[in-house]
Protein chains: 2
Amino acid sequence: MKAAEFTDIDIMRQCIQRLGDGGVFLVSGTQANPMTIGWGVIGRVWGRPVFQVLVRPSRHSFSLVEALGEFTVCIPDANHKQALALCGSRSGRELNKIEACGLSVSRSAHVGVPFITECVAHYECRVIHVNDVVNAALDPQIVADSYPAGDFHRVYFGEILGVYRH
Amino acid sequence: MKAAEFTDIDIMRQCIQRLGDGGVFLVSGTQANPMTIGWGVIGRVWGRPVFQVLVRPSRHSFSLVEALGEFTVCIPDANHKQALALCGSRSGRELNKIEACGLSVSRSAHVGVPFITECVAHYECRVIHVNDVVNAALDPQIVADSYPAGDFHRVYFGEILGVYRH
């Protein structure tokens with residue numbers, strides 16, 4: 001595990017590309033509950049490197065991020081398609097998804113949430129701001145496409161405390 | 001002007017690096033009012049490429065983005081330090097900053113806001129969501145550092161409609 005700059009362009013490229021092609025793992029809780037996400041935003045806010053993720057209140061991950069205020073984002077390699085499919089469709093309330101996927105986890109350097117050892121890189125993040133997607137201020141087409149049930153996402157602004165390539 | 005993918009990693013790297021080193025230009029209004037920003041977040045939300053920018057309600061740019069719902073983000077080259085300093089300290093209410101900087105603008109392909117011709121690349125964005133930084137949900141240290149006057153930013157989620165290298 002090698003520390004990298006948050007602007008490490010190889011890691012950022014892999015992350016952005018994976019977000020649009022199969023997803024990446026959002027890991028929450030000290031027991032490492034992975035959820036597949038296809039949305040994420042990386043940049044700089046308040047002078048700090050930031051990774052933003054969105055989680056619906058109905059998700060198990062929601063209560064875990066709320067409780068701990070920390071998460072990791074783990075970038076899968078090409079062999080993780082099945083794991084991504086499982087972690088995007090099953091809930092951590094029902095099963096231990098790390099075990100079910102045959103994956104393992106390692107202790108993070110900066111947060112209490114572990115990272116997935118088999119991933120190619122990961123971000124370690126601490127929540128510094130929380131916001132909610134506002135129905136009335138969102139494009140109506142997106143409301144219709146993404147929120148037929150009205151379960152608007154919470155937006156977590158995670159300060160990137162460390163980025164590591166494995 | 002050459003169309004590029006929003007994930008074009010050279011443009012994204014230049015943008016993120018410039019955000020942390022001198023800033024980039026956020027341009028708003030049909031008359032092209034440039035403001036220097038050091039914060040910005042790029043990624044994918046609601047299945048769309050997104051560039052998020054933050055603007056304080058007191059800024060002239062705020063009323064321009066509110067009125068038109070569009071903006072461009074223009075990435076300067078190494079010769080634009082003076083222009084970045086001016087556009088970060090003067091208001092478009094007082095002067096035409098493009099003229100004052102000796103810059104010129106060109107018509108965008110997807111939005112009514114022009115881009116700065118002399119920049120090395122630019123993003124064209126349409127606002128699809130608006131949100132406000134919430135005092136009570138923000139790290140107290142950031143509140144103290146960034147908001148002594150309580151003028152919390154509005155967050156604009158801009159769908160990236162085009163990315164161009166010049």
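Arg93(A) lies in the loop that joins helix H3 (81-89) to helix H4 (97-100) of chain A; helices (H or I, at least four residues) and strands (E, at least two) are DSSP runs, numbered from the N terminus. The model is predicted: local features need pLDDT of at least 70 and side-chain atom pairs count only at pLDDT 80 or more, while totals for chains, interfaces and linings use all residues. Residues are numbered from 1 along each chain as its sequence is written, and chains are lettered from A and ligands numbered from 1 in the order in which they are written.

Arg93(A) is exposed because 9 other C-beta atoms lie within 10 Å; a residue is exposed with 12 or fewer such atoms, buried with 20 or more and partly exposed in between, C-beta atoms being placed from the backbone. Between Arg93(A) and Asn33(A) there are 60 residues in sequence and 9.3 Å in space, C-alpha to C-alpha.

In helix H2 (residues 60-68) of chain A, the buried residues are Ser61(A), Leu64(A) and Val65(A). These residues cover an arc of only 95° around the axis and therefore lie on the same side of H2(A); the arc is that of the directions from the helix axis to the C-beta atoms.

Chain A can be laid on chain B by a turn of 180° and a shift of 0.0 Å along the axis, with an RMSD of 0.0 Å. This is the relation of a two-fold axis. Copies are superposed by least squares on the C-alpha atoms of residues with pLDDT of at least 70 in both.
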